[in-house]
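Please keep the sequence and the model in view while reading.

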Amino acid sequence: MENIKNEPASQALPAGSGLLDRLFKLSAHGTTVKTELVAGLTTFITMAYIIFVNPNIMSASGMDAGAVFVATCIGAAIATLFMGLYANWPVGLAPGMGLNAFFAFTVVGEMGYSWEVALGAVFWSGIIFTAMSFWKIREWVLDAIPESLRYAMTAGVGLFLGLIGLKTAGIVVESPATLVTLGDFTKPSALLAAVCFLIISVLVHRRVFGAVLIGVMSVTLIGLGLGIVEYNGIFAMPPSIAPTFMKLDIMGALDIGMITVILAFLFVNMFDTAGTLMGVAERANLRRPDGSIEGLKKSLKADSASSVIGTFVGCPPVTSYVESSAGVAAGGRTGLTAVTIAVLFLVSIFLAPLAGMIPPYATAGALIFVAFAMMSSMAKIEWDDYTEMAPAAVTALMMPLTFSIANGIAMGFVTYAVLKVATGHASKVSIGVYVLSAIFIAKFVFM
C-alpha cells in the first residue's frame, strides 16, 4: 500500500483508462484518448468540405443556403455521434455527395417536385433501409444485385456529379449543334474551377490530408485576391434552421412517380454504405478471427437511421464517408474518433460567413475531383463478359446523359435481365433483378 501511495500520479493510470476506456473499449482496441482525438480531427479535416459544398448544391433546389449549412453541420454531427456511441466505430457521416446533386438537380430541377417532397422521398428510403438493417432483407438485396451493377452505380453517380461540376464551372456548356461543348477558359469561373481540381489532385497524390478542403479554400482566396469574392468574415452566430426544419412532406412523397426516386436513394445509399463500412472495418482491424466484423450490424443500423434523422433538419441522404479511412490510418479504432468528428461539426455552425464566401466554381472543382475518384470502381467490372460489361456501361453512362441516377439504375437493370435471358444465362439472374426490372419497365411504359 505504501508503494502505491508513493507512486507518481502520472504513472498511476495507464493511457486510455477511466470512463472513456470503459465506454469505447480503448484498451481492448489498442488505442488511447490522444490517438482517437487526433484521428477524429484528421477525418474531419478530410470531409469538412461538405459543409461548404452541400449548401451550394442544395440551394439550387430552392432551399435556404444558410439553413442548409446549419442542417448539414447538425445532421452530420447527430449521425456521427450516433455511430460513435451506438456502434463504437471510427466513422464520420454527412450528406452524401452525388445524392445531394440528384436531389437538387433531378428530383427538384428536372422532375419538378418540391424540395419538401424530395425530403419526404429521402425519409421513406431511410425508413426502408433501416427496416432492412434489422432483418436479413438487406443481405438478400445485396446478394441479389449483380456486382457489376453495384460498381456501375458508384461510377455513374461519379459521372453525374462530374457533369454537374463541369456545368457549374462553365467548363462544359450547352450547344445547339452538338448538345454540349467546351466552355470559355478565359472566364474566371472555368479557369479557377480547373485550378481547384488540379490543386486537389496534386495534394491527394502527395497524400496531403485535407486536400479537398485546401483546394476549395485556396481557390476562394485567389478569388478574394482578384476581387471576385466578397469577404464576409469568418465567425458569426449560426443562421436560423427554421426554413428547413421539419419541412419534409412525407405523404407527398408517396406519389407513384416517386417510386424510382426512392429506390435510387435507397440503392445508392445502401451500396455506398456497405462498401465504405467494409473498407473501414478492414483498415481498423475490426474483423474477428472467424471472419465476422465486430459491430457491423450496429454500424449499418446507425447509418440507415441517420438518413431518416437528417430529413428532419433538411439533409439529403446522410451516409458514411470513405474519408473516415484517413482517421483510421491515423490510428482511430473506436467511437471516440466519431464523437470527436461530431463535436467539430457542431462547432462549425459558427463558420456561416466563411461558408457563404465559397464561390460555386470552388465547389465545382471539388465535385469534379470527387467524381473522378468515384469512377475508379469501374475497374472491378468483368470487361471480358459482354453481358456484365454492357449493363454496367448503360447504368454508368445513362445517369449523366439523362441527368438522373434513377434512370441510369432502371436502364441498367433492364439491360442486364434482357441480355442474360437472351444469351441463355437466365439462371444467373436473381428473382430480385427480375422483380425490379419489371417495376422499371412499367415505369418507362406508364409514367
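The paragraphs below treat a strand pairing, a helix contact and the cysteines. The model is predicted.

**Strand pairing.** Strand β2, residues 172-175, pairs with strand β3, residues 179-182, in the antiparallel sense, and the pairing runs over four bridges. Three residues lie between β2 and β3, and the two strands form a hairpin. Within this pairing, V173 stands opposite T181 in β3.

**Helix contact.** Helix α4 covers residues 50-58 and helix α17 covers residues 360-374; their axes come within 10 Å and cross at roughly 105°. Angles of 65 to 115 degrees count as roughly perpendicular, and α4 and α17 are therefore roughly perpendicular to each other. On the α4 side the contact involves F52, V53, N56 and I57, which meet P360, T363, A366 and L367 in α17. Sorted by class, the contact of α4 with α17 has six nonpolar residues, two polar residues and no charged residues.

**Cysteines.** How many disulfides does a search of the whole structure find? The search finds zero. A disulfide requires two cysteine sulfur atoms within 2.5 Å. For C196, the closest cysteine sulfur is 19 Å away, in C73, which is too far for a bond. C315 is likewise in no disulfide, and its nearest cysteine sulfur belongs to C73, at 9.1 Å. C196 counts as buried because its relative accessibility is 0%, and C315 counts as buried because its relative accessibility is 0%.

Technical notes:
Residues numbered from 1 in each chain as written. Predicted model: local features only at pLDDT ≥ 70, side-chain atom pairs only at ≥ 80, totals over all residues. Heavy atoms only, no water. Pairing = 2+ DSSP bridges. Axes fitted to C-alpha atoms, helices over the stretch in contact; angles between N-to-C directions. Parallel < 35°, antiparallel > 145°, perpendicular 65-115°, else oblique. Contact = heavy atoms within 4.5 Å. Nonpolar A, V, L, I, M, F, W, Y, C, P; charged D, E, K, R; others polar. Buried < 20%, exposed > 50% of the residue type's maximum accessible area, 1.4 Å probe, protein only.
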